[in-house]
Each structure stands twice: as C-alpha cells, then as structure tokens.
Amino acid sequence: MTRLDSSFSCKGLTLKNRIVMPPMCQYSVDANDGMPNDWHFVHYVSRAVGGTGLIIMEMTDVEPDGRITDRDLGLWSDEQIPAFERIVKEVHKYGTKIGIQIAHAGRKAEDAPTPVGASELPIPGLDPDRAPRPPRALDTGEARAMVGKFRDAVRRAVQAGFDVIELHGAHGYLIHQFHSPGINNRSDEYGQDLSRFGAEIVQAARSVMPKDMPLIMRMSTVEYMDGGYDLEHALRIAQRYREAGVDMFDVSSGGEAPPGRNKPANHPGYQLPFARAFKQALGAPVIAVGHLDHPHLAEAALANGDADLVAVGRGMLNDPYWALHAMMTVTRKVDPPAQYARGIYIR
C-alpha cells in the first residue's frame, strides 16, 4: 500500500492525500492593501487543480508593519476577508483543503519604519545597507496586545472559510523571537517564561476557532546561528504549545540569523530526522519539509514513519501539478481533472 495517495484525518479535517503545499511568500500584493489578488487566485487554485491535498496559504500578517515587506498579505481588517474567501471557495471545488499561516515578522519586518520584536537585538551579521532597521522591544502591554491581534486575524481566517490555521513560530519571526534564548533578553513575564508569548497566542487562536478545526504550529527545531538553541529546547517549547492547544507541527529549522556552524547539510530530506523527533516526542502529527521534491523520497518519508504529511515547496513552484505527477510516479495510478485527462495519464 502506498502512503502518498492515502487519506489523512486530524480532528474535523480530512485530506484526500498526504501532500501539502507549504506557505511561500509571493510578494505580490497590490497597493499596499494586504489583500490577495488575481496572482494569488491563480497561484493557489492551480495547485488545487494539480491534486494537492492541503494548501497552506503564505505568511499573512496581523498588522501592516508586521509584514516582511509591504507586498505581503495581511488579515488586520474585516475588509480583507472577502478576497481570501474567494480563493478558499474556488480551491474547495477541486477537493483540496486550504489553511493559512498567521504571523508577524517582528525584527525581520524590512519595510516597517521601526520594527518591533521580543528584544532590541538586531539580526546579527547582515549588511547594514540591506538589513531591516534596528528593532524596538515590545513592552509588556504591547506584547499582550499583540496576542489579541493574532486572535483577531485567526477569527477573520475562520470567517473566510479556511479549513486549518497555522501559526508561524519558525524562521526568526516574532513568535520564534520570543521563544529563542538567543534573541529574547527580556526581564518581564515574557522573558522569564520563553514559551509564554507563543502559548498565549495558541490559546487566543483556539478561543475563536471551531473545536474540530486543527491548529498547526510551524517551528524551527534548531537555530543555525552560532550558540543557537538545539532540538531539546525546541521540544520543550513545543510541548508547552501542545498543552496550550496545538494539534500538529510543521517541522522546519533555522531562519533566525545568518547560519553558523550549526547549519545542517542541505541535501534531500535533511530535515526528516527533526520531523521524526517531534513526532516521537510529542505524539502529534507532523508535516515534514526540506527538499522532498523526489516522489519516492516523499513516499519514503511517510512509509518510514518520519512524518504524517509531506510539504513540497520549490517543487510546486516548478510544477503546479507536482502532486498528480508524484502520485503517478509512485502509485502508477492517477485521477486528474477530466479536462486534463488526455494529457495526464499512465504511460
């Protein structure tokens, strides 16, 4: 029995296969309004036509200055909901489920006049002419208010009809900044307990989500900067997030600063050991990512128990129909849309 084409369920979510399109910023928003446009519509719907089981829409931010750039998506206003809803409804027509990644870039907000973060520490080792402006540390009241902004963005995502919510706690963005001992130098309650900020966001998200809707947390399992945190630290933080209400983990690594000696080799499947460690330690489903473009490698990651779902990013940028082609390669059977059946078939 093959795994790539098998169904998967978590709470009220059921996927037709185990292939995920992970969040990948498109930097294509018009007029600085944060709303998805026709580019996003075609981009996401084409991957649903291409057979993907789950699409997770790109990093979508809780306030305008929380974006990496001003051309990123946002859900800080109810006026933005219909543009997202349009994409969700069309994706659903092809039997694909769709989630959204809710985030704040923190100190990595390149276009913010003054980025905010867990601390005032800038990103080390960057060219000063290209680095974001030095951040300002959120005070305790502002950190609490930020939790509310995450809650409100999640509420809007639920209203837009998304099937699952992902919180971005990886790659050096705001939640990651709070749970990183190398970035968070606070002395208040959010510094004394490095998991508190993220756990409060998880609880706030759950408060506005249907009980049967899964909540995913994306995490960097190790940091690449010299002196960065290790897998054991990530697992301790993840356990707190699990207790707060996370149902599934999207397992990645690094992204917090220019890499040092800790960066693993960038070979196919290089992050699978991290996914397996999360799965075994936390007893939660995991999404694996990291150069899994070869269909047989993706199948092996599932069959070997490293992960429950496989996310293919660059492969889907290269081929919107990667999922159909991968299942054709692995299973020798394929069920394309009727309009494409003359071209996508077993040879």
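This note walks through a predicted model in numbered points.

1. **Ground rules.** The model is predicted: local features need pLDDT of at least 70, side-chain atom pairs count only at pLDDT 80 or more, and totals for chains, interfaces and linings use all residues. Residues are numbered from 1 along each chain as its sequence is written, and side-chain values use heavy atoms, with hydrogens and water left out.

2. **The annotated region.** An unreviewed UniProt entry carries the annotation "domain: NADH:flavin oxidoreductase/NADH oxidase N-terminal" for residues 11-325. UniProt positions are given in the numbering used here, feature names are shortened, and annotations may be inferred rather than shown by experiment. Over residues 11-325 the chain is 35% helix and 16% strand. The end C-alpha atoms of that stretch are 29 Å apart. Helices (H or I, at least four residues) and strands (E, at least two) are DSSP runs, numbered from the N terminus.

3. **The largest pocket.** Its volume is about 910 Å³. The lining holds 35 residues. P23, H171, R218, S252 and R314 lie nearest the centre. By class, the lining has 17 nonpolar, 13 polar and 5 charged residues. Ala, Val, Leu, Ile, Met, Phe, Trp, Tyr, Cys and Pro count as nonpolar, Asp, Glu, Lys and Arg as charged, and the others, Gly among them, as polar.

4. **How pockets are found.** Rolling a probe the size of a water molecule over the atoms shows where empty space is left. The search uses a 1 Å grid over the protein atoms alone and a 1.4 Å probe. A pocket is an open set of points with protein on both sides within 12 Å along at least five of seven lines. Lining residues have an atom within 4 Å of a point. Grid points are joined across faces, edges and corners, and a volume is the space filled by probe spheres set on the points.

5. **The second largest pocket.** This one has a volume of about 220 Å³. It is lined by 15 residues, and K16, L324, M327, D335 and P336 lie nearest its centre. The lining comprises 8 nonpolar, 3 polar and 4 charged residues. Which helices each supply at least two residues of this lining? They are α1 (38-49) and α11 (322-331). The largest share, 3 residues, comes from α11.

6. **Helix α11.** Of its 10 residues, 8 are buried. Buried means under 20% relative accessible area, exposed over 50%, and partly exposed in between (1.4 Å probe, protein chains only). The buried set is W322, A323, L324, A326, M327, M328, V330 and T331. Their cover includes β3 (19-21), α1, α9 (295-303) and α10 (314-318).

7. R332 follows α11, and its phi is positive, near 60 degrees. R332 is partly exposed, with a relative accessible area of 49%. K11 also has a positive phi, near 55 degrees, in a residue other than glycine. K11 sits in the loop between β1 (8-10) and β2 (13-15). Its relative accessible area is 42%, so K11 counts as partly exposed.

8. **Nonpolar cores.** A nonpolar core is a set of buried Ala, Val, Leu, Ile, Met, Phe, Trp, Tyr and Cys residues joined through side-chain atoms within 4.5 Å. The largest has 89 residues, and I102, L167, F197, F249 and F278 have the most contacts inside it. Helix α3 (residues 140-160) gives the most to this core, with 8 residues. A second, separate core of 14 residues includes F8, V20, L54 and I287.

9. **L167 and H233.** Contact means heavy atoms within 4.5 Å. Neighbours within four places in sequence are left aside for L167, whose contacts include I102, F150, V154 and R218. H233 belongs to helix α7 (residues 231-244). Is H233 buried or exposed? H233 is buried, with a relative accessible area of 11%. Not counting residues up to four places away in sequence, H233 touches H179, P181 and L194.

10. **Two loop residues.** C25 lies in the loop between β3 and α1. It is partly exposed, at 23% relative accessible area. Beyond four places in sequence, C25 touches E58, M59, I68 and D72. L121 lies in the loop between β7 (116-117) and β8 (136-137). L121 is partly exposed, with a relative accessible area of 28%. L121 and R314 are 193 residues apart in sequence and 31 Å apart in space, C-alpha to C-alpha.
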